[in-house]
Amino acid sequence: MDLFASKNLKPMLFYEGKLFNSEEYIYEIKFDGHRTIIYLDHNYINIRSRNNKDVTSLYPELNEVKKLVKRKCILDGELIILENGKPNFFKMQKRSLMTNTIRIKQESINNPVIFIAFDILYYDQKDLTNYPLIKRKEYLEKKVKENDYLIISKYVEYNGIELFKQIKKEQLEGIVAKRKDSIYQVNKRVHDWLKIKCIKEKDFYVLGIREENKKIKTIVIGSIKNNKLILFIILGVIVLCGIGIGVYFVIDNNKKIPDKNKIQKLFDQLTAAFERVETTKEDIVKIMHEYLPEFQHMEAGKSLDSKM
C-alpha cells in the first residue's frame with residue numbers, strides 16, 4: 001500500500017537513554033513540542049498528530065510549506081512555538097486544543113508554529129523507511145527547502161556529550177541519539193533512537209483530582225515561578241494553563257472540579273493574597289476552604305514553606 005495515499009503512519013518512538021559518544025550515532029536537539037507527520041506535495045498539505053489525527057486546520061500558517069517540495073513526500077518532525085528563542089510547550093499545547101476558527105487564525109499570526117523536520121519517510125512514490133537513517137538525512141537535505149515555518153534539524157556526529165553540555169547551558173529540553181544505520185520502524189519504540197533529557201527538578205503541588213471508573217480524569221497541580229502563581233489543569237494527559245496556587249490539597253474522588261466562575265474567583269483571591277508579603281500558609285488554606293470546602297489540606301513540605 002502506498003504510504004502517501006494511505007496516510008496511516010504513526011511515528012517511530014524513542015527510549016530513554018544515558019549520555020554517550022559514539023561513531024555509530026548522530027545527535028540532534030530534542031525540541032519541546034508536538035510530534036507530527038506531514039504529507040506534502042507542491043499543491044497539497046496534510047498534517048497529522050502522533051496519533052494520526054488530522055490537525056491540518058489548526059495550523060493555517062503552514063499552508064505555504066507545500067511549496068518547499070517538488071514531489072510528494074512524508075516528513076517526520078516536531079511542531080514548536082518559539083518564545084524568546086526557545087520552544088514554549090504550553091503555548092504549543094494551547095494551539096493544539098483550539099477549535100474556534102477566528103482564534104486559530106489570530107494565533108497563527110501571534111504565535112505561529114514552526115515545523116522542525118528531522119526525517120523523511122517517502123519521496124516521489126518511493127518508500128524510504130527501509131533506508132538507513134543517514135541516507136534519509138541526505139534525501140531530506142537535498143529534496144526539501146526551508147523557510148520561516150519549516151526548518152531541517154541539524155545534527156552532529158560522534159560528540160553527543162558536547163552537544164548535551166551546550167543544550168543544558170541554553171536550558172533546552174535535551175538531545176536525541178540515533179543510530180546512523182537505523183531503519184524507520186513505523187509506530188514502534190526502538191533502542192536505535194534514544195532521548196537524553198536535561199533533567200530539571202521542580203516542586204509541584206497536587207491541588208485536586210477527579211476520578212471516573214477508578215481512572216484519573218482530571219488533576220489540578222500548582223507551582224510557583226518568579227513569585228507568580230501558576231496552575232495546570234490536566235485533562236486526561238492534556239495540560240491547560242492558567243493561574244494557580246502553591247499549596248498542597250487533595251479533593252475527594254467523588255467530587256468534581258468546581259465551575260469556571262468559582263475557580264476564577266478563587267484564583268483572584270489567591271493571587272491577591274500571594275502578592276501580600278504577610279500572607280501565610282494558613283491564609284491560603286482559609287481561602288481554599290472558603291471557595292472549595294470539599295478540599296482537604298495536606299502538608300506540602302519544606303519547599304512550600306520556603307516560598308511562603
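Two strands are said to pair if DSSP finds at least two bridges between them, the strands (E, at least two residues) and helices (H or I, at least four) being DSSP runs numbered from the N terminus. In this sense Ala177 has Leu194, in strand 13, as its bridge partner. The model is a predicted one, in which local features need pLDDT of at least 70 and side-chain atom pairs count only at pLDDT 80 or more, while totals for chains, interfaces and linings use all residues. Residues are numbered from 1 along each chain as its sequence is written, and side-chain values use heavy atoms, with hydrogens and water left out.

Strand 12 and strand 13 are antiparallel and share 5 bridges. Both belong to an open sheet of 5 strands with mixed pairing, in the order 1-13-12-2-11. Its edges are strand 1 (13-16) and strand 11 (155-158), each of which pairs on one side only. From one strand to the next, the twist averages 35°.

Helix 4 (residues 133-143) lies across strand 2 (22-30), strand 11, strand 12 and strand 13, and runs at about 45° to strand 2; axes are lines fitted to C-alpha atoms, for helices over the stretch in contact, and angles run from 0 to 180 degrees between N-to-C directions.

The loop between strand 12 (174-179) and strand 13 (189-197) contains Lys180. Lys180 counts as buried because its relative accessibility is 18%; buried means under 20% relative accessible area, exposed over 50%, and partly exposed in between (1.4 Å probe, protein chains only). Leaving aside residues up to four places away in sequence, Lys180 touches Glu23, Glu24, Tyr25, Ile26, Pro132, Leu133, Ile134 and Glu157, where contact means heavy atoms within 4.5 Å.

Helix 3 (residues 101-110) has Ile104, Glu107 and Ser108 as its buried residues. Viewed down the axis of helix 3, these fall within an arc of 105°, so they line one face of the helix; the arc is that of the directions from the helix axis to the C-beta atoms. The buried residues of helix 3 pack against helix 2 (89-96), whereas Ile102, Ile109 and Asn110 are exposed on the other side.

Confidence remains to be considered. The predictor's confidence in each residue is given by pLDDT, from 0 to 100; the protein chain has a mean of 80, and 65% of its residues reach 70 or more. Over residues 234-257 pLDDT stays under 50, and the model has 90 contacts beyond four places in sequence for them. Where pLDDT is low, the predicted coordinates should not be read in detail.
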